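Take a look at the protein below before reading on.

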Amino acid sequence: MSDLKKPSDPKKLFIKTYGCQMNVYDSERMAESLGTKGYVTTDTADDADMILLNTCHIREKAAEKIYSELGRLKPLKAKNPDLKIGVAGCVAQAEGAEIMTRQPMVDLVVGPQSYHRLPQMEDALARGETALDTDFPEDDKFETLKSRPKAKRGPTAFLTVQEGCDKFCAFCVVPYTRGSEVSRPADRIIREAQELVEVGVREITLLGQNVNAYHGHDGGLAGLIWDLDKVDGLERSRFTTSHPNDMDDALIDAHGTCDKLMPYLHLPVQSGSDKTLKAMNRKHTREQYFKLIERIRAARPDLLLSGDFIVGFPGETEADFEDTMDLVRTVGYGQAYSFKYSTRPGTPAAERAQVDEDVKLDRLHRLQALLSEQQYEIQKSMIGRTVKVLFEKNGREPGQMIGKSEYLHAVFANTTDVSIGDLRDVRIVKSERNSLGGEIV
Ligand code: SAH
Ligand code: SF4
Ligand code: F3S
């Protein structure tokens, strides 16, 4: 019949999420918050009444992508002038009103600390106005966001416990886009965890830009992990991202003693050169990092380490880069992310003499070759072992199920007697590029 919508039809919201897991969590909470204004989420931009880009500013390319994406949305706005377009996340925080100047079709710009104000901002849009909020308000957005809805969901979830960063690494925009460190009180986190378990969640990953600096519990992050350990029905916990200087004794100890805490740790080091670490303002040496890894592995010998690396930081010489390669060979990473240094306006390193782009690219290729070889070797070493897999979804082939092991490896198995959310012993029989194949024991 007709395309005309009745006033009672729910409005459709399309959110596209870029960047880190905190943005994934925030997108969920924004969808829930706009749900109070009659929005339901949709998987395509084509039929949306509102499109929200939840953006990342960490590297130059990530930020530029947003302007290209906005350009691509122009025809949709031309077709439907009532379509509202919003920009959230770290680009919104960094660029603010500039986004509306560069792309006048943008109706809404909202920074990460203001998401709880979205319903009021939506009222302004409904009146035909635009809305901009990039304050760092006194009130904590998480306190104001309502409880989580009761709809059934998948077995894994992110839960933000800490936000912002006071470390000011010389390359990084996060302290500027997310503000200073704020921790949520432990009791609210535990309540949210219980609500998640009630709707089917069995594994929770605690999130923070600097999650191990969490101070919303007297016992720090370890205290929170132990409280989470007592939540009935929750089987597994993880946390990310950590800074080496905030790995305290209690947290290291929890890796050895808390059964629900999984043996996987993302602990970025960025560089293996003392000179570069100092220039980056990372506030530790390579030797201190080695000692720390030794203590963590003494507490939990099978722990799988993951890391982030930056190559071509201003002033990095070939010898500095070789120190990074050497650190990687010494430590051994089961998983790692590596990036070419990207100049971020407003950060201290942006002002320094830069390394040539082709040198950066060459170093990135060499580092990535080493890291993927390690990743593959560690994956292969799982063959013959029995791991516990939390099954998350159906595989591509009929009768195939996919889940994650304790070590965060993707594991697939051909089986008909496993359901999503089941935790089962699986014997690993083969290793493929990015996953392991196994048989249910
Ligand atoms: N809080 C985390 C990381 C946040 S950003 C930590 O302290 O480790 C995620 C990763 O992006 C960083 O670990 C770093 O490797 C990379 N990154 C951040 N700024 C960058 C820049 N200007 N250029 C290239 N990579 C960058
Ligand atoms: Fe950025 Fe992480 Fe450094 Fe904070 S600790 S400034 S988030 S890299
Ligand atoms: Fe990107 Fe912001 Fe996360 S800059 S990595 S979305 S904190």
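What follows is a walk through this model, domain by domain and site by site. Keep in mind that the model is predicted.

Start with the overall division. The protein chain is split into four parts: domain 1 (11-133), domain 2 (147-262), domain 3 (265-381) and domain 4 (386-440). How far apart are the centres of domain 2 and domain 4? Taken over C-alpha atoms, the distance is 25 Å. The two domains also touch. Eight residues of domain 2 are in contact with 13 residues of domain 4.

Now go to strand 3, residues 50-55. Is this strand buried or exposed? Six of its six residues are buried, so strand 3 is largely enclosed by the rest of the structure. A buried residue here has under 20% relative accessible area. In a regular strand, side chains alternate between the two faces of the sheet. Look for that pattern. Met50, Leu52 and Asn54 point one way from strand 3. Ile51, Leu53 and Thr55 point the other way, and residues in both sets are buried.

Strand 3 has partners. Strand 1 (residues 11-17) runs parallel to strand 3, joined by five bridges. Strand 4 (residues 84-88) also pairs with strand 3 in the parallel sense, over five bridges. Find Ile51 in strand 3. Phe14 stands opposite Ile51. Ile85 in strand 4 stands opposite Ile51 too. How does the chain get from strand 3 to strand 4? The path goes through helix 2 (residues 60-79), and this β-α-β crossover is right-handed.

Thr55 leads us to a ligand. Thr55 is one of the residues around ligand 3.

Ligand 2 has its own surroundings. Around ligand 2 are Cys165, Lys167, Phe168, Cys169, Phe171, Cys172, Val174, Pro175, His243 and Arg282. Seven residues of this shell are nonpolar, one is polar and two are charged.

Phe168 has a positive phi of about 50 degrees, although it is not a glycine. Its relative accessibility is 38%, so Phe168 counts as partly exposed.

Gln270 lies in the loop between strand 12 (264-266) and helix 11 (274-279). Buried or exposed? Gln270 counts as buried, because its relative accessibility is 7%.

The peptide bond from Thr240 to Thr241 is cis, with omega near 0 degrees. Thr241 belongs to the loop between strand 11 (236-240) and helix 10 (249-257).

Next, look at Ile225 in helix 9 (residues 220-229). With a relative accessible area of 2%, Ile225 is buried. Which residues does Ile225 contact, leaving aside its neighbours within four places in sequence? They are Leu206, Ser237, Phe239, Leu251, Cys258 and Leu261. Ile225 and Ile190 are 35 residues apart along the chain, and their C-alpha atoms are separated by 9.8 Å.

Move on to strand 13, residues 304-311. Eight of its eight residues are buried, so strand 13 is largely enclosed by the rest of the structure. Both faces are covered. On one side are Leu304, Ser306, Asp308 and Ile310. On the other are Leu305, Gly307, Phe309 and Val311.

Strand 13 pairs with strand 12 in the parallel sense over three bridges. Tyr264 stands opposite Leu304 in strand 13. Strand 14 (residues 335-340) also runs parallel to strand 13, and six bridges join them. Here Ser306 has Gln335 in strand 14 as its bridge partner. The chain passes from strand 13 through helix 13 (residues 318-331) to strand 14, in a right-handed β-α-β crossover.

Finish at Ser405. You will find Ser405 in the loop between strand 16 (400-404) and strand 17 (410-414). Ser405 is buried, with a relative accessible area of 1%. Leaving aside neighbours within four places in sequence, Ser405 is in contact with Arg236, Arg238, Val387, Lys388, Val389 and Val411.

Methods. Residues numbered from 1 in each chain as written. Chains lettered and ligands numbered in written order. Predicted model: local features only at pLDDT ≥ 70, side-chain atom pairs only at ≥ 80, totals over all residues. Heavy atoms only, no water. Near = heavy atom within 4 Å. Nonpolar A, V, L, I, M, F, W, Y, C, P; charged D, E, K, R; others polar. Helix = DSSP H or I, 4+ residues; strand = E, 2+ residues; numbered from the N terminus. Buried < 20%, exposed > 50% of the residue type's maximum accessible area, 1.4 Å probe, protein only. Pairing = 2+ DSSP bridges. Right-handed = clockwise from strand over helix to strand, strands pointing away. Domains from an automatic or database assignment. Contact = heavy atoms within 4.5 Å.
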